[in-house]
Amino acid sequence: MPSGDTLELRPVGSWTAANAATLERLSNDIAPQLDRASFVRVDMAGLRELDTIGAWLLERMSRRATAAGHRADVVGIADDYAGLIEEVRQVNRHPPTPAPARNPVVAKLGDIGRGTIGAGDDIAAFLQMLGALCVAIMGVIRRPRSLRLTSFTYQLYRVGWQAIPIVVLITFLIGAIIAQQGIFHFRKFGADSYVVDMVGILVLRELGVLIVAIMVAGRSGSAYTAELGSMKMREEIDALSTMGLDPIEVLMLPRILALVCALPILSFIGSMAALYGGGLVAWAYGGMEPAIFIARLHDAVSVTHFQVGIIKAPFMALVIGIVACSEGLRVKGSAESLGKQTTTSVVKSIFLVIVLDGLFAVFFASIGM
Amino acid sequence: MLDTGGQIAIRVRDLVVGFRRHVVIDRLALDVRKGEILGLVGASGGGKSVLMRTIIGLIPRQGGEIEVMGAPINHDRATRDAAGRWGILFQQGALFSSLTARQNIQFPLRENLVLSDALMDEIATAKLEMVGLTPEDGDKFPSELSGGMTKRVALARALALDPAIVFLDEPTSGLDPIAAGDFDTLIKTLQKTLGLTVFMVTHDLASLNTVCDRVAALADGRIVAIGPMRELLQSGHPWVRAYFHGKRSQMLQPKAS
């Protein structure tokens, strides 16, 4: 209410969080008047309720007037609110220093540089874990009793036995789909019978192990990362170390060994399921008698194809296990970090499994297998 | 009832809470007056946290009535709306780890009010300073905060909407005596300036002695004694005697006794 050069403000009613939106609009509307008036008087006698938000808005108005070089008086403060208003006068005197704005080009370059160094760190972490694992294995060879047999068996049960149903289901479907696609397209050339060669070779050499490895990375690798990560968060891993135990030997070795043992078995079971699926589709969709399918399969594939596939499995398991464990150890205090490392673990291990598969393909081609 | 209705912040009557057949709270009655700091003591595992969580609606009750600021608390929409009337400081702080301290404080504001970002920042900074932190601390993530700072940020978040009632679950546990003493002073100061009603579960005899207006003792699922600290020290209930007159409590007694 302007009267001459004096602006008298009489806040009434409830200046509380419940009316925050209205109050903010009101205090913004009044701002130009505050700048014009040379004397501001705030009469708080009419206030019914006041909380921090309301008190701050009033304080902000009188600060604005003071900053413009005018006088601001606050009168009529009820005893109940004196403490609060006094408290609010003290706050926000030193606005936080804003972070210096970065040049976007420099920031981008910085991100790329950090990313590159981070990739180097990743490789170092992988090699470090591999080395630590080798040391742990040496220790176990020297003292076979130091292998955690219970833990190993339990992990084998979890990543091996419990994974069988889903592995069988997925590989069965993949085998069936390959056979169906093969028959559909080969039929145009009258070459349906070659579908047996395709399914056999593809499944035994590549797909059986690759699909199973990717599933294991998603299913067991993520579980390893999350388990070890939450153990890290709750200082369980530190507790182990202080008891003179090596976390690598106690936690990681049984897990990774279990994966290395389980993956070849799962790959074998998966390959069989895929061949079975392919055979069923060849019979139902392609009209090929099971006996003929088996006879053709016998001619088409040799034990070499099977070896090429199954040799890759333990190496892939090793990569999945190492990535999962080292990502688990990188978890920091927060729940967000746990989620991030688990995602990273799965993405990285699937990527590495595929890269490894490519390297093996080159290797086997060059030795003529 | 009406004559006291205006003075009572939390009214609990005939409250029964249990898990399956195990009864934790047995026909409990408790009144928390407006503007007081009530300390609740009880054996570990004796149902203190259960009582607090039942009042704020986290645990379903088997029977009884709870009124907060005159409004009944049930498991429904109205109770969730009532959440604006109370702030809760959990034992471990329970700060959202993906948000900075400032964003944690702004979270209730952002969800419940329509405010400009600038004002929200100012209010968050004001709250930070009121609990004795610096504006720079607001940019830290919970994992970068010390135990005492976490509790302070959690208190600031509990106070974000200027609730009438604050529930504190062991506010000084895990703090060193100096930090705990500072935190007690902070609670007392804020209670005075903001006119809060404070319901505090604690084992800290020093806090009970210095900040609590009244202390309630929970034993066998009931409130067995309630009153100012000196009255509780006179109480004849065996558990209360054991609690306040045990070896660890000797520091509260005059040397002569």
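# A tour of a predicted two-chain model

Student: Is A:Val331 buried or exposed?

Tutor: A residue is called buried when 20 or more other C-beta atoms lie within 10 Å of its own. A:Val331 has 24 C-beta neighbours inside 10 Å, so A:Val331 counts as buried.

Student: Which residues is A:Val331 in contact with, leaving aside its neighbours within four places in sequence?

Tutor: The C-alpha atoms of A:Val331 and A:Ala226 are 8.8 Å apart, although 105 residues separate the two along the chain. With the neighbours within four places in sequence set aside, the contacts of A:Val331 are A:Gly229, A:Lys232, A:Met233, A:Ser337, A:Leu338 and A:Gln341.

Student: What percentage of the contacts in chain A with a separation of 6 or more comes from residues 24 or more positions apart?

Tutor: Chain A has 12 helices and six strands, and 36% of its 369 residues count as buried. Among its contacts with a separation of 6 or more, the share that joins residues 24 or more positions apart is 87%.

Student: Within what arc do the buried residues of H5(A) fall?

Tutor: Helix H5 (residues 149-159) of chain A has A:Gln155, A:Leu156 and A:Val159 buried, and what covers them includes helix H7 (195-233) and helix H9 (247-284) of chain A. The face turned away from that buried side carries the exposed residues A:Leu149, A:Thr150 and A:Thr153. Seen down the helix axis, the buried residues of H5(A) line one face, because they fall within an arc of 105 degrees.

Student: Which elements are included in what covers the buried residues of H3(A)?

Tutor: The buried residues of H3(A) are A:Tyr81, A:Leu84, A:Glu87 and A:Val88, and they line one face of the helix, since seen down its axis they fall within an arc of 115 degrees. On the other side of H3(A), the residues A:Asp79, A:Ala82, A:Glu86 and A:Gln90 are exposed. The cover of the buried residues draws on both chains, and includes strand S5 (47-50) and H2 of chain A together with helix H5 (117-130) and helix H7 (177-194) of chain B.

Student: Which element supplies the largest share of the side of chain A that touches chain B?

Tutor: Where the chains meet, 25 residues of chain A are in contact with 25 residues of chain B. Helix H1 (20-36), helix H2 (52-67), helix H3 (79-90) and helix H12 (335-366) of chain A each supply at least two residues of this side, whose residues divide into 11 nonpolar, eight polar and six charged. The largest share, six residues, comes from H3(A).

Student: Which strands of chain B stand at the edges of the open sheet of six strands?

Tutor: The six strands of this open sheet follow the order S6-S7-S8-S3-S9-S10 in chain B, with mixed pairing, and the twist averages 20 degrees from one strand to the next. Two of the strands have a single partner strand each, so that one side of each is left without a neighbour in the sheet, and these edge strands are S6 (86-89) and S10 (222-227) of chain B.

Student: What is the bridge partner of B:Ile165 in S8(B)?

Tutor: Strand S7 (residues 165-169) and strand S8 (residues 197-201) of chain B run parallel and are joined by five bridges. Helix H2 (residues 48-55) of chain B lies across S7 and S8, as well as S3 (37-42) and S9 (214-219), and runs at about 145 degrees to S8(B). In S8(B), the partner of B:Ile165 is B:Thr197.

Student: How many residues does the largest nonpolar core have?

Tutor: Those with the most contacts inside the largest core are B:Leu38, B:Val166, B:Phe167, B:Val198, B:Phe199 and B:Met200. Leaving aside its neighbours within four places in sequence, B:Phe167 is in contact with B:Met52, B:Ile56, B:Trp86, B:Ile88, B:Leu89 and B:Phe199. A second, separate core of 57 residues includes A:Val196, A:Leu228, A:Ala258 and A:Val281, whereas the number of residues in the largest core is 98.

Key. Residues are numbered from 1 along each chain as its sequence is written. Chains are lettered from A and ligands numbered from 1 in the order in which they are written. This is a predicted model: local features need pLDDT of at least 70, side-chain atom pairs count only at pLDDT 80 or more; totals for chains, interfaces and linings use all residues. A nonpolar core is a set of buried Ala, Val, Leu, Ile, Met, Phe, Trp, Tyr and Cys residues joined through C-beta atoms within 7 Å. A residue is buried if 20 or more other C-beta atoms lie within 10 Å of its own, exposed if 12 or fewer, and partly exposed in between; C-beta atoms are placed from the backbone. Two residues are in contact if their C-beta atoms, placed from the backbone, lie within 7 Å. Helices (H or I, at least four residues) and strands (E, at least two) are DSSP runs, numbered from the N terminus. Ala, Val, Leu, Ile, Met, Phe, Trp, Tyr, Cys and Pro count as nonpolar, Asp, Glu, Lys and Arg as charged, and the others, Gly among them, as polar. Two strands pair if DSSP finds at least two bridges between them. Axes are lines fitted to C-alpha atoms, for helices over the stretch in contact, and angles run from 0 to 180 degrees between N-to-C directions. The arc is that of the directions from the helix axis to the C-beta atoms.
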